[in-house]
Amino acid sequence: MNPAIRLGLLGCFAFLSNAQSPYPRHNINLGFGAGVPKADLVGAFDPKAGLSVGYGYRFHPNFQADFGFDTVFGSGNVRDFVDTAFGYRRIRDFQYFLPMGGRAILPLARGRLQIFGGGGGAYMRYQEQISQPNEYIRLDCPGCEARSGWGYYATAGFTVFLDRYHRFRIGAAPKIYRGHTDGGPIGNIPGSRTRDHWVNVMGEFGVSF
């Protein structure tokens with residue numbers, strides 16, 4: 001082979017090798033579990049099933065920026081009905097959480113096992129919603145209450161990659177939320193400011209690339 005061509009190929013290979021990240025930078029998570037209310041919510045809200053969706057950008061082997069969305073279904077036990085042009089429609093309550101923060105990562109077993117801990121700020125919103133007749137018609141719900149507020153969250157857990165290419169993984173990522181909300185009454189919560197704590201325990205499946 002021509003020495004110039006060989007040198008060029010070696011240079012391209014070296015460039016691609018250096019450009020390749022030794023760890024996946026983009027991490028998408030889908031979790032299922034439950035949310036357990038604490039503090040002023042005890043006796044007003046009940047533990048209920050929930051899910052989480054998250055994205056993490058790993059900018060360093062040991063650090064990652066996280067953005068997510070968690071929801072708990074019907075913790076306030078709202079079971080109302082309203083008469084509409086489409087018949088009686090059900091009103092239920094949902095709890096939403098938007099965590100925004102980061103984590104520190106300790107990779108073990110050549111990166112196959114990762115232990116992490118972190119936290120950041122969080123927006124919390126509890127809302128009553130009316131069931132819609134179909135995807136083309138959206139009914140308003142003037143009597144539906146909502147309350148919201150800000151706080152923070154902390155998380156610690158682990159993840160295990162299932163393949164040697166570090167693409168698919170499973171793990172657990174419980175989060176503890178603390179903050180305050182105010183607004184209208186939902187379920188047995190009065191229309192005043194409350195001190196809100198949540199323990200959201202989620203098992204996760206993830207994809208990294």
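**Strands, rings and surface**

Modeller: Strands S5 and S6 form a hairpin with 4 residues between them, and Ala109 in the turn has a positive phi of about 50°. Strands here are DSSP runs of E with at least two residues, helices are runs of H or I with at least four residues, and both are numbered from the N terminus. This is a predicted model, in which local features need pLDDT of at least 70 and side-chain atom pairs count only at pLDDT 80 or more, while totals for chains, interfaces and linings use all residues. Residues are numbered from 1 along each chain as its sequence is written, and side-chain values use heavy atoms, with hydrogens and water left out.

Biologist: How many bridges join S5 to S6, and in which sense do they run?

Modeller: The two strands run antiparallel and are joined by 18 bridges; two strands pair if DSSP finds at least two bridges between them. Within this pairing, Pro99 has Ala122 in S6 as its bridge partner.

Biologist: And which residue is the bridge partner of Asp83 in S5?

Modeller: That partner is Tyr88. Strand S4 (residues 80-84) runs antiparallel to S5 with 5 bridges, and these two form a hairpin with 2 residues between them. Strand S3 (residues 63-73) also pairs with S5 (residues 87-108) in the antiparallel sense, over 9 bridges, and there Phe67 stands opposite Met100.

Biologist: Changing topic, how many aromatic pairs are there?

Modeller: The count comes to 11 aromatic pairs, where rings of Phe, Tyr and Trp (its six-membered ring) pair if their centres lie within 6.5 Å, and planes under 30 degrees apart count as stacked, over 60 as edge-to-face and the rest as tilted. Tyr123 and Trp150 form a tilted pair, at 5.1 Å centre to centre with 55° between the planes. This pair links distant parts of the chain, with Tyr123 in strand S6 (residues 113-130) and Trp150 in strand S7 (residues 146-161), 27 residues apart.

Biologist: Is Trp150 buried or exposed?

Modeller: Trp150 is exposed, with a relative accessible area of 57%, whereas Tyr123 counts as partly exposed at 22%. Buried means under 20% relative accessible area, exposed over 50% and partly exposed in between, with a 1.4 Å probe and protein chains only.

Biologist: Which rings make up the cluster?

Modeller: Ring pairs link Phe45, Phe97, Tyr126, Tyr153, Tyr177 and Trp198 into a cluster.

Biologist: And how much of the chain is buried?

Modeller: Of its 209 residues, 35% count as buried.
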